[in-house]
Amino acid sequence: MVYLDFLQLLETSLPAGRLALVRTAGQIALEEGVSLYLVGGAVRDLLLGRPTEDLDLVVEGDAESLASIIAKRLSGQVVSRSQFSTAKIKVDGVSLDLITARSEHYSRPGALPQIAHGNMEDDLARRDFSINSMAFPLHTGAKGQLLDPFDGQADLQRGLIRVLHDKIFVDDATRIMRAVRYEQRLGFRLEDDTETLLRRDLPMLDTISGDRLRRELQLWLKEERCVEIFVRGDQLGVTGAIHPSLAGSGEVIKKATNPVGAGFKPALWEGTRSLDEYVYLGLLAYAMDTLEGERLIGRLRMPPRWAAVVRDTIALKHKLPRLSDASLSPSQLYEALAPSSTAAVQACALAAPSGEARRNLTLFLEKLRHIKPVLGGKDLIELGVPQGPDIGEMLARLRSARLDGAVTSRSEEVALMKSWLAAQ
Ligand code: ATP
């Protein structure tokens, strides 16, 4: 593809502020005699006509000094720099990432790469798939042409995810998870040799640190086609290779998000294409027992919020038979569910086998958890409750009375409080 066609694509795709910034960056690079390219995901998405989030630019030369010149010229700021020779420019709320072109070398599977400065060809060769390894020159004016050394354009047309070489997954097995994510997001398929390599190299996922695995898993959980990604992950053996507790998890979330059979169906799923990432995490945990959950928490070095969703979901699943009772009072339901993280309750509301449990959990989510007494701590002190833990206890009792309909107004709450104090 030539410069003018690509420029037209940029002009029709990018909002005015971002377009102006990219064009000015290209103009300044031309004046400074520095080569500057738009690379990676942005080129892929522009060619596909999909919205593009991050604009990554690669500089053959010093990214930080070019970033400083651009920021100065546009009265913007260079907001971050790191030891990897990268810089972020911000102008009027619009940002651009500039990276120094580099080559990478992996000393052993799963290790972070050793980095050396390189040219644009080296920089494209260090990437993962052909569709992510294209660059467009911004410094050349009308003569520019798309750099596409791995035939990414042809793969975009054929709908293929294809690796750049056969050690791609050995060097960095997180690319296994990236391959599945792009394949399902774009509705593509893995090219045959790529699929063979991916299956061969599944054990390499063991070389990846828990933090990196968790970050990739989080990217799966955030995708709109999260369910399809996990289903495909099962089919390729990826879910089980990430961790045995995740084997078969695609089927679990597929079933929970397409409830079949009689009984109450929570409205959680309907009307939205995808769920919150923590609800998906809860659905994954729903299929696990306590030990499997703990092993996964350890392997992925889960932070407290993640670990709470996993533990709460598994604990709640065991309480579901009790929560299927239609005669439970609202306050009993509240007490059973309030200590759990909301995502865990949402996950169980989707996955619970009994319609009555799904109805009770949904009642809690939609109504009960928002109910509070009108009186607050200060009111209770004025009514004569001593400061300290009694306040919290009394507020909880008042909430229960509200939940069960024993009081419905402020004056009834005051009367109830007075009767309790008198009885004490
Ligand atoms: P997304 O839309 O998911 O953000 P992206 O292509 O912009 O897609 P990033 O993870 O932001 O993805 O990475 C930017 C580019 O860096 C990719 O297009 C790819 O060229 C390269 N890249 C990122 N991660 C890797 C990796 N693990 N191995 C090789 N190249 C990578």
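Modeller: A polar contact is a pair of N or O atoms within 3.5 Å. Please also keep in mind that this is a predicted model.

Biologist: With which side chain does the side chain of Arg-158 make a polar contact?

Modeller: The partner is the side chain of Asp-155, at 2.6 Å.

Biologist: Where is Arg-158 found, and is it buried or exposed?

Modeller: Arg-158 belongs to helix 6, which covers residues 152–158. Its relative accessible area is 54%. Exposed means over 50%, so Arg-158 counts as exposed.

Biologist: How far apart are Arg-158 and Thr-100?

Modeller: In sequence they are 58 residues apart, and in space their C-alpha atoms are 31 Å apart.

Biologist: Let us turn to the ligand. How many residues surround it, and which are the closest?

Modeller: There are 15 residues around the ligand, and the closest are Arg-44, Asn-132, Asp-172, Arg-175 and Arg-185.

Biologist: What lies 3.0 Å from a nitrogen atom of the ligand?

Modeller: That is an N or O atom in the side chain of Asp-172. A ligand nitrogen atom is also 3.4 Å from a polar backbone atom of Asp-128. An oxygen atom of the ligand, in turn, is 3.1 Å from an N or O atom in the side chain of Tyr-182.

Biologist: How much of the ligand's accessible area does the protein cover?

Modeller: On its own the ligand has 590 Å² of accessible area, and the protein covers 74% of that.

Biologist: Now helix 14. How many of its residues are buried?

Modeller: Ten of its ten residues, 277–286, are buried. They pack against helix 10, helix 11, helix 13, helix 16 and helix 18.

Biologist: Which residue caps the N-terminal end of helix 14?

Modeller: Asp-276 does, with a side-chain oxygen 2.9 Å from the backbone nitrogen of Tyr-278.

Biologist: And helix 22, which of its residues are buried?

Modeller: Glu-413, Val-414, Met-417 and Trp-420 are buried in helix 22. Viewed down the helix axis, the buried residues fall within an arc of 125°, so they line one face of helix 22.

Biologist: What covers them, and what does the face turned away carry?

Modeller: The cover includes helix 20 (377–383) and helix 21 (389–403). The face turned away from the buried side carries the exposed residues Ser-411, Ala-422 and Ala-423.

Biologist: What span should helix 22 have?

Modeller: Helix 22 has 14 residues, 410–423, and at 1.5 Å a residue these should span 20 Å. The C-alpha atoms at its ends are 20 Å apart, which agrees.

How values were computed. Residues numbered from 1 in each chain as written. Predicted model: local features only at pLDDT ≥ 70, side-chain atom pairs only at ≥ 80, totals over all residues. Heavy atoms only, no water. Helix = DSSP H or I, 4+ residues; strand = E, 2+ residues; numbered from the N terminus. Expected span 1.5 Å × (residues − 1). Buried < 20%, exposed > 50% of the residue type's maximum accessible area, 1.4 Å probe, protein only. Arc of directions from axis to C-beta. Contact = heavy atoms within 4.5 Å. Near = heavy atom within 4 Å. Polar contact = N/O pair within 3.5 Å; in protein donor to acceptor, adjacent residues only side chain to side chain. Areas by Shrake-Rupley, 256 points an atom, 1.4 Å probe, with all protein chains shown as cover.
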